[in-house]
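Trainee: I would like a close look at one part of this model. Please take me through it step by step.

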Amino acid sequence: MTETLTETAAQPGIRTGGLETEELTVGYRTRSRSSRAVLSGLALHAAPGELTVLLGPNGAGKSTLLRTLCGLLPPLEGRIRIGGADLARTSPAALARRLAVVLTDRVDAGLLSVRELAGLGRHPHTGFTGRLTAADHAAVEWSLKAVGADHLADRPAAELSDGERQRVLTARALAQEPEVVLLDEPTAFLDVPSRVALTVLLRDLARDKGLTVVVSTHDLELALRVADAVWLVDRTSRVHAGAPEDLIRGGAVASAFDADHLAFDPLTGTFGLRRATRAAVAVDAPADVLPLVERALAREGLSVADTGAGADARVSWTEGNRFTLVGPDARTTEAHGFHELTRTARTW
Ligand SMILES: Nc1ncnc2c1ncn2[C@@H]1O[C@H](COP(=O)(O)OP(=O)(O)OP(=O)(O)O)[C@@H](O)[C@H]1O
């Protein structure tokens, strides 16, 4: 399942370059000069023009891989190429023009304003004086606007909320105008609409500007919807690479994340609570209400019967979320609203 560089390069519509690894092993060297490999033998390719999402359970090695890909952690073995250049032989200055990184570490913004903090992204492009040109200022303004942080531009960066700071650090990376952007959990502190907006923005930037974007996240369902490619670290430290649908069909998503109370549904691409059902209920409700009734009943350990036959109880919906319930003991009760419905169903 793992892609190799040559296979990917041969695919139509996929440009070469981007970020490639060759027999890469990432991990930590211990004091006794031995080493602890976290992920081994990685032959991965994140292509220009695509959003690649790195998924895996806690402790799987996502941050370790990202830190190695950006040169902060030396590889235990193997090679990394960025835009075709060997990372080990690229000078820090040249690397900074090619690669931007947003990690989860706290950033001490000192007395900088948001605009000045984002402006630090221009550093690799400014000359000896470090003075920003009109083009540099335009890049900073564009990046702040792109992440929805332009209204914060004059605020002291030290006063930002976690979510606001996350956006501004993303803006700083975009202002750098790199070929490759690596982001470790950029949506971690964002509210749901902002998570979707930032993920879609990163995908669109990849497409429109030919950027190579690699993002680690725990937003599984969103990632599986939006990402062009996924690197999925499973519980045995194998890395599966492919389109989200490849990994869903191959069972890699379910095997990485299914747990006692959680099951991945490959048909919908979503996770649901795993519950034993204790009875089946016939439900009479319109198509736009039925899924909500099903959801509410599932919480009470009840499944919706496909046909009325064989059902232990019956629920009928009428306008205004009024329900008529016939329980397993054939008693009829009325419920007003979903809360009364579930409280009654709990007694069945
Ligand atoms: N500095 C370090 N020295 C030694 N081992 C480390 C170090 N940092 C992390 N590890 C170990 O490496 C493994 C991978 O950790 P990593 O932080 O890369 O996982 P992750 O997938 O990013 O996890 P999470 O989703 O919880 O952020 C873990 O077992 C962790 O304990």
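Trainee: How many residues lie between S12 and S13 in their hairpin, and which residue in the turn has a positive phi?

Mentor: S12 and S13 form a hairpin with four residues between them. In the turn, Gly 269 has a positive phi of about 70 degrees. Before going on, some ground rules. This is a predicted model, where local features need pLDDT of at least 70, side-chain atom pairs count only at pLDDT 80 or more, and totals for chains, interfaces and linings use all residues. Residues are numbered from 1 along each chain as its sequence is written.

Now the strands themselves. S12 covers residues 262-265 and S13 covers residues 270-273. Strands (E, at least two residues) and helices (H or I, at least four) are DSSP runs, numbered from the N terminus. S12 and S13 pair in the antiparallel sense over four bridges. Pairing requires that DSSP finds at least two bridges between two strands. Asp 265 of the pair stands opposite Thr 270 in S13.

S16 (residues 313-318) and S17 (residues 322-326) pair in the antiparallel sense over five bridges. Ser 316 stands opposite Thr 324 in S17. This hairpin has three residues between the strands, and Gly 320 takes a positive phi near 85 degrees. Asn 321 is found in the loop between S16 and S17. Asn 321 also has a positive phi, about 55 degrees, although it is not a glycine. Most residues other than glycine have a negative phi. Asn 321 is partly exposed because 17 other C-beta atoms lie within 10 Å. The cut-offs are 20 or more such atoms for buried, 12 or fewer for exposed, and partly exposed in between, with C-beta atoms placed from the backbone.

S16 has another partner. S14 (residues 279-284) runs parallel to S16, and four bridges join the two. Val 283 stands opposite Val 315 in S16.

Next, the domain bounds, which come from an automatic or database domain assignment. Domain 1 spans 5-258 and domain 2 spans 279-345. Their C-alpha centres lie 46 Å apart.

One more residue deserves a check on phi. Glu 23 is found in strand S1 (residues 19-29). Phi of Glu 23 is near 45 degrees, a positive value in a residue other than glycine. Glu 23 counts as exposed because it has 12 C-beta neighbours inside 10 Å.
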